[in-house]
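Here is a short briefing on a protein–DNA model.

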Amino acid sequence: MKALHKLDHSFYQRDVLEVAPDLIGKYLVRKHSNGRLFRNRITEVEAYRGEEDQACHASKGRTSRTEIMYHKGGVIYVYLIYGMYWMLNFVTGMENIPQAILIRSLENIPGPGRITRELEIDGSFYGISLISSGKIWLEGHHEKYGFITKTRIGVDYAGEVWKNKQWRFVMDPPPFGSPLSRERGGTGG
DNA sequence: GTTAAGATTCCG
DNA sequence: GGAATCTTAACG
């Protein structure tokens, strides 16, 4: 078994459309205050790219909420949706270029709201470092996973051009035994 | 200050 | 299909 290494700034400080597919199969590691360690592979993400992307929160420009997306890659962007669920995002790219990747599913946790609930991630994670916080980081090895692209979920308001971007990346083939693999072999409707 | 809507999830 | 639940952005 290959050794896992922690991903550093060089991984995150690339264009969001390069980083997003590279996230597939990487291990998300969460260290709790009691020392307990959670480690699970990322299976689905979505890219949000720049002020021109009408589905990206930064399309509203710099605000207190979007400010962190203008930071160079390697920090966390979280926000509350529907008053109930925290969405976990990784900021990517260079300084002053707003980008982020929504972590939509892990190997055993489908759903962005469920990920933050189970990993105990909330607003206090806004802006913390994926490299030096010690609370959350990524590990990987030099191996690429297969993936397919799809349109992003829940962004129909963004207009024809942006809502149709194939900027959702899903592990394919899915991990054996996962809900995804069962879905795949299903009846098809 | 008020208001509409949201990168969701769960139940029926 | 609809409720839960509250922050954000837009407007005044």
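A backbone N or O atom of Tyr82 lies 2.2 Å from a base oxygen of DNA strand C. Polar contacts here are pairs of N or O atoms within 3.5 Å. This is a predicted model: local features need pLDDT of at least 70, side-chain atom pairs count only at pLDDT 80 or more, and totals for chains, interfaces and linings use all residues. Side-chain values use heavy atoms, without hydrogens and water.

**DNA strand C**
- Sugar and phosphate supply 68% of the DNA strand C atoms that come within 4 Å of the protein.
- By class, the residues near DNA strand C are three nonpolar, two polar and two charged; Gly counts as polar and Tyr as nonpolar.

**Glu95**
- Glu95 sits in the loop between strand 5 (85–91) and strand 6 (99–106); strands are DSSP E runs of at least two residues, helices H or I runs of at least four.
- Glu95 counts as partly exposed because its relative accessibility is 47% (buried is under 20%, exposed over 50%, with a 1.4 Å probe and protein chains only).
- Leaving out residues up to four places away in sequence, Glu95 touches Tyr70, His71 and Lys72 (contact: heavy atoms within 4.5 Å).
- Glu95 and Glu44 are 25 Å apart, C-alpha to C-alpha, and 51 residues apart in sequence.

Methods. Residues are numbered from 1 along each chain as its sequence is written. Chains are lettered from A and ligands numbered from 1 in the order in which they are written. A residue is near a molecule or strand if one of its heavy atoms lies within 4 Å of it. A polar contact is a pair of N or O atoms within 3.5 Å; within protein, one must be able to donate a hydrogen and the other to accept it, and residues adjacent in sequence count only if both atoms are side-chain atoms.
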